[in-house]
Amino acid sequence: NQKLVDDNEEIFTTQQIMDSIQLGVKYEMEKRTQPVPDSFPDDFKDISMKMFYNWRDINNNNIQDFSYSTYAPSTFHYLRHLFGIGENDYVTSFCKSPLHEMSNPGNSKSKLYLTSNDKFIMKTVQHNEYISLLGLLFTYTTYMNENRKSLLPKCSGFYNFQCKSTYTKLLSMKNLLPSDIKIHQKFDLKGSTIGRKASDNERKKKLPTFKDLDFNYEFHPKGIFLKPDTHLALLKTIEKDCEILKEFNVMDYSILIGVHNIDSPSQADENTSTTEALRKAATDRWESLMADSLGEKSIQAEAWTLSDKNHASLSGSIPAKSVYGDRLLLFVGFIDILVPFRIIKNLDYRLILFKLKVTPGETETADCISVQPPGLYASRFLKYMTDTVFKPMLSPQELEKLSRQ
Ligand code: ATP
Ligand code: CA
Ligand code: CA
């Protein structure tokens, strides 16, 4: 008779949760002695638990006991290794300085905590997402191992914080967006249109998360342009990732795109955070990846995974152009992939269709609702990415003409 801390309950303060993460992650990581996992993990169902007694939290001085459990510790160790995350880097990122709570632009009540070096995000996951994750962990690990260019989230740890017979599930993942280079725009895209617009409150933020309708009508009505081989490779990757998400039987995921605009006119004055060296590296990366001479490499979809040894934050960024000819570097990845399509969503979907008096697939209205069975969701998602978001490059003249239409 334990209780899950979910949507509408605030049993722990943010500070308590963040403190427990720091203590729990530190303990678990210090316990690991094996430097690098030498074989494919097999502890998908294991849990390692640690009790912390007489814990005095900073805020209210309450003395409590709590436990912090780590799910599948070897599997996540293996995954971190796969994603190039050093064990020291991981523990230092989480434990050396306080975490910050990010304000969540979504509708769910999940909390997101960012490490102070911006490398990782810890997200509280709902009960059904937790069940989903346990079920797909093996397939996810195999898939990530075999598909190094996948854009699925890079999950790096999965935990349970339990106190006073309530618990909070926590998933850590890599932050998709770099912190040292200016991100000019951020989009959370699904390919649905109903309600897919940033709220007025969201728009007031320094870097709002914009959605499909903002992308389609305000920022990039003509899409974003990629070199043909990069374009092909990116869409193939997205297609493959969508296939596995369909297999996971999940939906409601998004692609997050962070846009760095090399030619942003306000670049010089506003951008004190991007150093001159990094700005130059961004331009160099863009120019070299766009150059035809890259030939075979880019055909093999290396175009965006080429790592930049001196400027790690640029690794994986994709060169592109806006319709106005601005040079862009894109940071792209899937997020929020754990929502299972089960009874509740099913009911939601039927209810919405009933209210709109349409049947699945029958009209356009049915297709634009964000809650869809996984197969339909994936195909609509892919269609949107192909037809609306990512376009093959045009000549400067053609772009110019298109921008005036
Ligand atoms: P909802 O279910 O209402 O859509 P949620 O609570 O499940 O939201 P997410 O969709 O996972 O939350 O994330 C919310 C926002 O947090 C995203 O739009 C994005 O701006 C940011 N975010 C989430 N994961 C990452 C990540 N790995 N890297 C960078 N930003 C992220
Ligand atoms: Ca979401
Ligand atoms: Ca969600």
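Me: A polar contact is a pair of N or O atoms within 3.5 Å. What makes the pair formed by ligand 1 and Leu176 one of these?

Reply: A nitrogen atom of ligand 1 is 2.9 Å from a polar backbone atom of Leu176, which is within 3.5 Å, so the pair counts. This is a predicted model, where local features need pLDDT of at least 70 and side-chain atom pairs pLDDT 80 or more, while totals for chains, interfaces and linings use all residues. Residues are numbered from 1 along each chain, chains are lettered from A and ligands numbered from 1 as written, and side-chain values use heavy atoms, without hydrogens and water.

Me: How do you know that Thr209 and Asp336 qualify through their side chains?

Reply: An oxygen atom of ligand 1 lies 3.4 Å from a side-chain N or O atom of Thr209, and another pair, with a polar side-chain atom of Asp336, is at 3.0 Å. Both values are within 3.5 Å, so both pairs count.

Me: Which residues come nearest to ligand 1?

Reply: Asn104, Asn107, Ser108, Lys123 and Asp188 do, out of 19 residues around ligand 1; being near takes a heavy atom within 4 Å.

Technical notes:
Polar contact = N/O pair within 3.5 Å; in protein donor to acceptor, adjacent residues only side chain to side chain.
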